[in-house]
Amino acid sequence: MAAKLTSEQIGWLFTPSCGNSCTLKLIPEALLVMPLAILLFQSSQRTSLVLAAIAGAVLGAFIEGLQLAIASGISQGASITSRMAGMMLGVVMIRYLPGVDWHRLRRYGRYLLLLGVAPYLVVLADINYWFSGKWLGFTEGIERLGEIHFLPFYYHYFTTELVALVSLLFQTGAYIPVGIGFWIWHQTGWSSSFRRCSIFLPGVVAGLLACIIETGKLFIPSIHPDPTNILIAIVSAALACRLLDLLFSAKPDTCLSNDHANTLQAARYHRELVTDIDIKEISQTSEPDETFDLYQRSSTQLKPTASFPLAPSPDITTQFSGSQIQSTQHKRSLWLIITGTIALLLAGVAAFTSPLGATWALPPLIIYSALLWWRPDSWLVWVLASLPLLDLSPWSGRLYWTEYDSLLLATAGIGYLRLYPRSCIQPVIHQSSALLLTLFVISAAVSLGTAIFPLAPIDDNAFSSYFSSYNGLRSVKGLFFALALIPLLAREWSNPQLAASRLAFGMSLGLGVEVLYVLWERATFPGLFNFETGYRITGSFHGMHTGGAYIEGYLVLAAPFVVLWAWQQRNALITLLAVGLYCLDAYCVMVTFSRGGQIAFGLVTVLLIIGFLGAVLHKRTHILSGISIAILIAGITGAIAWPILSSSFSQSRFATTGKDAVTRVDHWQDSIDIALMQGSTVFGMGPGSFPSAFFWYSSLPARTSTYTFITKNRNTYLQLGSGETLYFEQPVAVEPGQHYTLAMKLRSQAPNAAITTPVCEKALLYSFECFWLSLKLDKAPPGEWGDYQTDISTDGFNSANSRIQRPVKLSIYNGQPGTLIDVDNVSLKDSDGNDLVLNGDFSDGMSHWFFSTDSHLPWHIKNLFLHVFFEQGWFGLACFIVLTGYLLTRGLIRTWHNDVLHLVLCISLGAFLAIGIVDSLIDEPRLAFLFYLLMITGLISDTHPLPLLSGNRTRNTA
């Protein structure tokens, strides 16, 4: 880096090394930034050029800074200026292009298109080497057909990734003009409006054209045909046509006619469903845009997909007249009924087959489904409030499917069955947002295929270990559950103010539940005010049995919504409850003793105070009370944080920051090396692949212990490997001061094998009072089963005489290096002969068993962005950065126009990403689901603003 800073590849204005070429590249740099400006600012025709210039400068500085890390990269100050110019040109186009009379220009489009067909065909043939030399004869060419491999992407497997990627981009660019041409042909002529272009014809024509081109390669000796190019041609032409539709299709301002009687009729019909609509407000509205805005907030019917705008109904009066209103209201889509029924049945099957028993899991799900059927609009509150608690994997042993997953599946099922499509279709999110989200989802789906194919056998090990290739399904389900709830979110946001209230209330309830759990955990184990003991809470996030920062990620992510809840209610009692909950949340964050979480929470508190004080001053109401509440929150939060931060354990944590940073950076480098050497840098190694990849390819000598279920002669047993500490465990209901008998069958090929079986008062990661027992496998020859039995005493348990009895766990641990131990028929019996161990013979695989480990780095990359790169490659990381950057930028624009919901979303998601610098976070499915749900909520609320929570300027950005 030092040599790079002194080289000729860096210049304050222009770099000396590349001469005129660096000057010429400023033009394409500016042109490439213009579409990004249109994506960011397309919904506003009053965006300041100063704001666009600032955005371009930030983007340019970021890109030129990244060039410093590339050996061949060139960084120059002029490129920052070119990107500023590109942003400003994009804003200028947004302002003035809508006023151009495109109708006159479009009349000549087809003539120009026909003139360009012949040159395009010549160029296409030339770049595919048709004119590179003499062709073979017909017979010789046909004989070469037998040498061609028709497996898709077959030839890409036998070349470097760079060559394969360049070939893919080259073929894509060669056939994109077909899609562009069909779109131009479709949109030109005498039509006065844009129309949607079908992707079928461009795909077929491009495919036939590619067939001709590839067939011609049979007769060219120096090259060979690639059938994959036909698929690439079809997809590229079809996508080009569709993307142009997304970027340039007209957006109808209203779906209803401007006749106010029709709007009033529709509003009166919905009045009994929505209580906060004021019909008089609609009747007095004189502007069509305002009329539709009020109608839209009154409607409870929204199309359940992220669809794009369609043309208005030609006869809206007939559609909403008389009895037809009722028939339209009760008309359901068949796919909604089928999908909802399947989802509900799958949720029921998951609950019925739960290791906890159908009598415990199924009735609560039925009750929840009934409540949701009665009040389908309450799903958002239920889903957010129950998120912290519904993970009983330490008791059920299900690593891949939790009770919360069943609840989400039932929510989607009931929601789809109760969802009525609207006759007037509005966009759920902006087209640019839909495009960015779609690209990221495609990246995740492609990477998932990389991870799970070829499919491994379905056995007891398929869904019981993070080393399984099916771990990708567990890792990506949070994203897919969030996507499945888009139709329900869209329906909620037909009334944005009510939806925002439910969002804030649900998040506050969930945070309150988690705070109570943490208070119980602290009171049960180290004590509420014991800040000297090295105990770090895990809360109800049992995914932390392999480490992670999930608890602090959730606590910081949810904190801003408590303030939003109090802001919305404007009630003294609720405000006091919110202040109390926020301060208890501060206590919980502090006792995580996570440096990243503590710093992020401090920044969140400061930004919330500044943001909401700004909103109070803008509205010029309740200024004194707002300032008083801000001072109260700051004072109490500081008073709570100070004794914890000044404790010896917290100080020791900060003292080792430098050492821990070196360890973390080395771990990141090791993870990057694995991804570059063993996987695809374009699409990554696949979701959930890190634990297995680290185990097999890490440069570190140590490996974590393993466990496997083996079935022979219809008998299933557990095989424990050795390595870094891994406790295979199960909660047991032992009582203090009692005696129990522990028995099991053991076998090993190693003569020095031994197994440790502690029975401990234990939280998720920390043990307290223990009865330690080590058994040497000396009762049977190597390779033979032996019966082992011993007595266990719990006299020392609950030694503090606490009113809250600590949970107890039986653990099995193989601490002997280089050995494999087989375990079967584990039992722990009390004096009456009752066996406290469930599934001790492992006939049900992982059921009722769980594991925890003291070694955390083998399970997590410990950086959210590197995690996305490892799993989804450069393409996925680029999509993720652009999507989150777009969301935060749009949120900041909304915040500038006094939208407090986007203020909260920006602070919440920004703090989450900040913690993600030192931890993966989204490899926990519940936390990933919440993160993606809030991201999608931000995209939807950008399309459907909150007029009652926003300043008057918000309408200008919608």
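Good morning. First, a caution: the model is predicted.

Let's start with the whole chain. It has 958 residues, and 52% of them are buried. The accessible surface comes to about 43000 Å². Carbon and sulfur atoms account for 66% of that surface.

Now contacts. Take pairs of residues at least 6 apart in sequence. Among those contacts, 78% join residues at least 24 apart.

Next, the inside. In soluble globular proteins, nonpolar side chains tend to be buried together. Here, the largest nonpolar core has 186 residues. Which members touch the most other members? They are Tyr707, Phe728, Val823 and Phe929. Helix H26, residues 550-569, gives this core its largest share, 15 residues.

Look at Phe929. Set aside its neighbours within four places in sequence. Phe929 is then in contact with Val383, Leu387, Tyr404 and Leu408, and also with Gly478, Phe481, Ala482 and Leu485.

There is also a second, separate core, with 15 residues. Its members include Ala174, Ile213, Ala233 and Ala237.

Leu231, Ile234, Val235, Leu239 and Leu243 make a nonpolar surface patch of about 390 Å². Find Val235 in helix H11, residues 228-248. Is Val235 buried, partly exposed or exposed? Val235 counts as partly exposed, because its relative accessibility is 46%. Buried would need under 20%, and exposed over 50%.

That's the tour. Thank you.

Definitions and conventions
Residues numbered from 1 in each chain as written. Predicted model: local features only at pLDDT ≥ 70, side-chain atom pairs only at ≥ 80, totals over all residues. Heavy atoms only, no water. Patch = residues over 30% accessible without salt bridge, like charges linked within 9 Å, V, L, I, M, F, W, Y side chains within 5 Å. Areas by Shrake-Rupley, 256 points an atom, 1.4 Å probe, with all protein chains shown as cover. Salt bridge = Lys/Arg side-chain N within 4 Å of Asp/Glu carboxyl O. Helix = DSSP H or I, 4+ residues; strand = E, 2+ residues; numbered from the N terminus. Buried < 20%, exposed > 50% of the residue type's maximum accessible area, 1.4 Å probe, protein only. Contact = heavy atoms within 4.5 Å. Core = buried A, V, L, I, M, F, W, Y, C linked by side-chain atoms within 4.5 Å.
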